[in-house]
Amino acid sequence: MPKLSLEKKAEIVAHYLSSNDGYSITAQKFGISDSIVKMLVAQFKTNGIEGLIHKNETYSGDFKIHVLQYQQENNLSDKKTAVYFKIPNWGTICTWRKKYKKGGYELLSRDGRGNPKNMAAKKIKKEYRTQN
């Protein structure tokens, strides 16, 4: 999703809800894809203005498992699940599912930032340089 301010997101949703323009026309007017308009409108209808606020969160492995189980139990799409749990990008859920299928809870619960093997090696080198 392009970087959109809260004000711009609210403007897009307000335009869609107050006009007879559909998702496609609204998307063209604001220079974004219609899937973004659909997601913003769904987030707003479900969670109000709070649903439009982007949060850079790190989710725990337990939370990810809970989301995937809830999705499966309720037969929800990635988009509907993302809206329900206030996850800004529905693609995140698809990524979690792929990780879970590939490596189970262990892979899913990893932070995934950086390469731990390389990070540890860099730390050792740094400590060695500071000692000498």
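In this predicted model, the second largest pocket holds about 380 Å³ of space. A pocket is here an open set of points on a 1 Å grid over the protein atoms alone, with protein on both sides within 12 Å along at least five of seven lines, and lining residues have an atom within 4 Å of a point. The volume is the space filled by probe spheres set on the points, which are joined across faces, edges and corners. Of the 20 lining residues, Glu57, Tyr59, Lys64, Thr92 and Trp96 are the closest to the centre of this pocket. Helices H4 and H6 (91–109) are the elements that give two or more residues to the lining, and H6 provides the largest share, five residues. By type, the lining comprises four nonpolar, nine polar and seven charged residues (nonpolar: Ala, Val, Leu, Ile, Met, Phe, Trp, Tyr, Cys and Pro; charged: Asp, Glu, Lys and Arg; polar: the others, Gly among them).

The protein chain contains seven helices and zero strands (DSSP runs, H or I of at least four residues for helices and E of at least two for strands, numbered from the N terminus). Of its 132 residues, 27% are buried (under 20% relative accessible area; exposed is over 50% and partly exposed in between, with a 1.4 Å probe and protein chains only). Leu108, in helix H6, is buried with a relative accessible area of 0%. The C-alpha atom of Leu108 is separated by 7.5 Å from that of Lys64, 44 residues apart along the chain.

Two salt bridges are found in the whole structure (a side-chain nitrogen of Lys or Arg within 4 Å of a carboxyl oxygen of Asp or Glu). Arg97 pairs with Asp78 in a salt bridge, with the closest N and O atoms 2.8 Å apart. Because Arg97 lies in helix H6 and Asp78 in helix H5 (residues 78–85), this pair ties together parts that are 19 residues apart in sequence. Arg97 is partly exposed at 25% relative accessible area, whereas Asp78 is buried at 11%. The other salt bridge joins the side chains of Glu11 and Lys8 (3.5 Å, N to O). These two residues are three apart in helix H1 (residues 6–18), so about one helical turn separates Glu11 and Lys8. Glu11 is partly exposed at 41% relative accessibility, and Lys8 is partly exposed at 33%.

Residues are numbered from 1 along each chain as its sequence is written. Local features need pLDDT of at least 70 and side-chain atom pairs pLDDT 80 or more, while totals for chains, interfaces and linings use all residues; side-chain values use heavy atoms, without hydrogens and water.

Definitions and conventions
On a 1 Å grid over the protein atoms alone, a cavity is a set of points where a 1.4 Å probe fits but cannot get out, and a pocket is an open set with protein on both sides within 12 Å along at least five of seven lines; lining residues have an atom within 4 Å of a point.
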